[in-house]
Amino acid sequence: MKKEEKTEITKCKILAAAIQEFGANGYAAGSVNNICKTGINKGLIYHNYKDKDELYLVCVQKSCEDLIGFVINHQAETGFVNYMNARRNFFQENEAEANLFLEARTNPPRHLTERIREIYQKFDALNLEIFEKELSNYELRPEITREDALHYFNEIQRIYNLSFASELQSKLSPHEQLTLHETNIQKLFDFMLYGIAKRGEEI
């Protein structure tokens, strides 16, 4: 086996163990020492990754790419409901990556926030693309442009993710948090398209 192949296998093993560690414990409580307990030499970890920050960011990027790949492979980008179902299926099948995704999106390590935002640019673009396709099925009110709607969609997601990491939600299990997050995202999308009041009825 060539040296490059061995290096790649080693990096994959480290990454798999790191995703499990950060997925179970988050950035703050996750540690390189715990990763080493899986049988990986600490020297190999630091030979391939500069520090804990770099390893965490690579894990975030891997989970993001895996999610995007899953969605595309299941052709879920053809509709918002199918897309949300594909997201739920991915998270159900990949618990550690699901937890990592939730932390990175709603409560990232403060000093890594900008770099995580850069990692998720492709994911954000996919979200926007799916919303835009769904939006094309509807006639907008005369005073609202497509650009207005897309901007509002982005702002709603950003504000929601910022508000999600609250004291109330921190009391929930990771699975409960993710279920709540995904359910509310779909509700927000529904509210944006259809509003919250029944037309033609007065109180």
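Which helices each supply at least two residues of the lining of the largest cavity? They are α5 (80–93), α9 (146–164) and α11 (174–194). The model is predicted: local features need pLDDT of at least 70, side-chain atom pairs count only at pLDDT 80 or more, and totals for chains, interfaces and linings use all residues. Residues are numbered from 1 along each chain as its sequence is written, and side-chain values use heavy atoms, with hydrogens and water left out.

**Cavities**

- Two cavities of 30 Å³ or more are counted. A cavity is a set of points, on a 1 Å grid over the protein atoms alone, where a 1.4 Å probe fits but cannot get out; lining residues have an atom within 4 Å of a point.
- Grid points are joined across faces, edges and corners, and a volume is the space filled by probe spheres set on the points.
- Helices here are DSSP runs (H or I, at least four residues), numbered from the N terminus.

**Largest cavity**

- Its volume is about 90 Å³.
- The lining consists of Phe 80, Tyr 83, Met 84, Arg 87, Asn 127, Phe 153, Ile 156, Gln 157, Ile 185, Leu 188, Phe 189 and Met 192.
- By class, the lining of the largest cavity has nine nonpolar residues, two polar and one charged. Nonpolar covers Ala, Val, Leu, Ile, Met, Phe, Trp, Tyr, Cys and Pro; charged covers Asp, Glu, Lys and Arg; the others, Gly among them, are polar.

**Second largest cavity**

- This cavity holds about 40 Å³ of space.
- Arg 87, Arg 105, Phe 123, Asn 127, Gln 157, Asn 161, His 181 and Ile 185 form the lining of the second largest cavity.
- Helices α8, α9 and α11 give two or more residues each to that lining.
- The lining of the second largest cavity splits into two nonpolar, four polar and two charged residues.

**Cysteines**

- The disulfide count is zero. The criterion is a pair of cysteine sulfur atoms within 2.5 Å.
- Cys 36 has its closest cysteine sulfur in Cys 59, 13 Å away, so the gap is too far for a bond.
- The sulfur of Cys 64 also lies 13 Å from its closest cysteine sulfur, in Cys 59, again too far for a bond.
- Cys 36 is buried at 18% relative accessibility. Buried means under 20% relative accessible area, exposed over 50%, and partly exposed in between (1.4 Å probe, protein chains only).
- Cys 64 is buried too, at 2%.

**Lys 122**

- Lys 122 sits in helix α8 (residues 121–135).
- Lys 122 is exposed, with 59% relative accessibility.
- From Lys 122 to Cys 64 is 58 residues in sequence and 8.7 Å in space, C-alpha to C-alpha.

Technical notes:
On a 1 Å grid over the protein atoms alone, a cavity is a set of points where a 1.4 Å probe fits but cannot get out, and a pocket is an open set with protein on both sides within 12 Å along at least five of seven lines; lining residues have an atom within 4 Å of a point.
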